[in-house]
Amino acid sequence: MLAGTTAFCPVALRADDVLPANVTFVTSSGFWEDSGDPSAGLDPRGKASPAPASPAQKGYYKLIALRQPDGTAHIVLQQIALDPAGPKIVSSAELDEFSKMKAFVTDIRPETSDGVTQQPGLFATVYLRTNPAASDIETWTVLIDELGDIRIERESN
């Protein structure tokens, strides 16, 4: 073995147990805090949805691109709670705006890769093509404000 290389050791996990093959991009970013207010649930259209009363939680967001059989992608937004037993999915919602575009996602990136944000919410950029033969890439932003309202906008420079 060459110096500085890592040996590949088979693990007792199957590849599908770690991450399904249709997951093409995943980014975790931003953060959220829930005061335990039952009217503060995540809804992909930016409206509060009633949820059962629970103790206050906090966590982060995850955006996932799932490749479909035709090559286009669906993008799912998840809220992940920081639970004492480990991360726990609180909610998952498909972002229909991207599915309706029949987009070919080429990347998803967080606002920053240092893992530190000063305000609750999320800012991530989705890079995509609506025509796989096109040379130009479109950039779209997914924004979640401190209240949990979600906006999906085409980036304009």
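This is a predicted model: local features need pLDDT of at least 70, side-chain atom pairs count only at pLDDT 80 or more; totals for chains, interfaces and linings use all residues.
Trainee: How many salt bridges does a search of the whole structure find?
Mentor: The search turns up 3 salt bridges. Another brings together the side chains of Glu138 and Arg154, at 3.8 Å from N to O.

Trainee: Where do Glu138 and Arg154 lie?
Mentor: Glu138 is in strand E7 and Arg154 is in strand E8, so this pair ties together parts of the chain that are 16 residues apart in sequence. Glu138 is also buried, with a relative accessible area of 15%.

Trainee: And which residue forms a salt bridge with Arg151?
Mentor: Glu153 does, and there the closest N and O atoms are 3.0 Å apart. Arg151 is partly exposed, with a relative accessible area of 46%. Glu153 is partly exposed too, at 34%.

Trainee: Let's zoom out. How many helices and strands does the chain have?
Mentor: The count is 2 helices and 8 strands. Reading from the N terminus, the elements go α-β-β-β-β-α-β-β-β-β.

Trainee: So what do the strands do? Start with E1 to E4, please: what is the pairing in that sheet?
Mentor: Those 4 strands make an open sheet with antiparallel pairing, in the order E1-E2-E3-E4. The edges are taken by strand E1 (23-34) and strand E4 (86-94), each of which pairs on one side only. From one strand to the next, the twist averages 25°.

Trainee: How many bridges join E2 to E3?
Mentor: There are 9 bridges between strand E2, residues 57-67, and strand E3, residues 73-83. If you want a pair to find on screen, look for Arg67, which stands opposite Ala73 in E3.

Trainee: Got it. In what order do the strands of the other sheet, E5 to E8, come?
Mentor: The order is E5-E6-E7-E8, again an open sheet of 4 strands with antiparallel pairing. Strand E5 (104-110) and strand E8 (150-154) each have a single partner strand, so one side of each is left without a neighbour in the sheet. The twist here averages 20° from one strand to the next.

Trainee: Can you walk me through the pairs in that sheet?
Mentor: E5 pairs with strand E6 (residues 122-129) over 6 bridges, in the antiparallel sense, and Ile108 has Val126 in E6 as its bridge partner. Next, E6 and E7 pair over 7 bridges, also antiparallel; Tyr127 finds its bridge partner in Thr139 of E7. Finally, 5 bridges join strand E7 (residues 138-144) to E8, and Ile144 stands opposite Ile150 in E8.

Trainee: Changing topic: which residues form a nonpolar patch on the surface?
Mentor: Val18, Leu19 and Val26 do, with about 260 Å² of accessible area together. Val26 belongs to strand E1 and counts as partly exposed, at 40% relative accessibility.

Trainee: How much of the chain is made up of buried residues?
Mentor: Buried residues account for 33% of the 157 residues.

Notes. Residues are numbered from 1 along each chain as its sequence is written. Side-chain values use heavy atoms; hydrogens and water are left out. Two strands pair if DSSP finds at least two bridges between them. Axes are lines fitted to C-alpha atoms, for helices over the stretch in contact, and angles run from 0 to 180 degrees between N-to-C directions. Patches are made of residues with over 30% relative accessible area and no salt bridge: like charges are joined within 9 Å, nonpolar side chains (Val, Leu, Ile, Met, Phe, Trp, Tyr) within 5 Å. Accessible areas come from the Shrake-Rupley method with a 1.4 Å probe; for residues, only the protein chains shown count as cover. A salt bridge is a side-chain nitrogen of Lys or Arg within 4 Å of a carboxyl oxygen of Asp or Glu. Buried means under 20% relative accessible area, exposed over 50%, partly exposed in between (1.4 Å probe, protein chains only).
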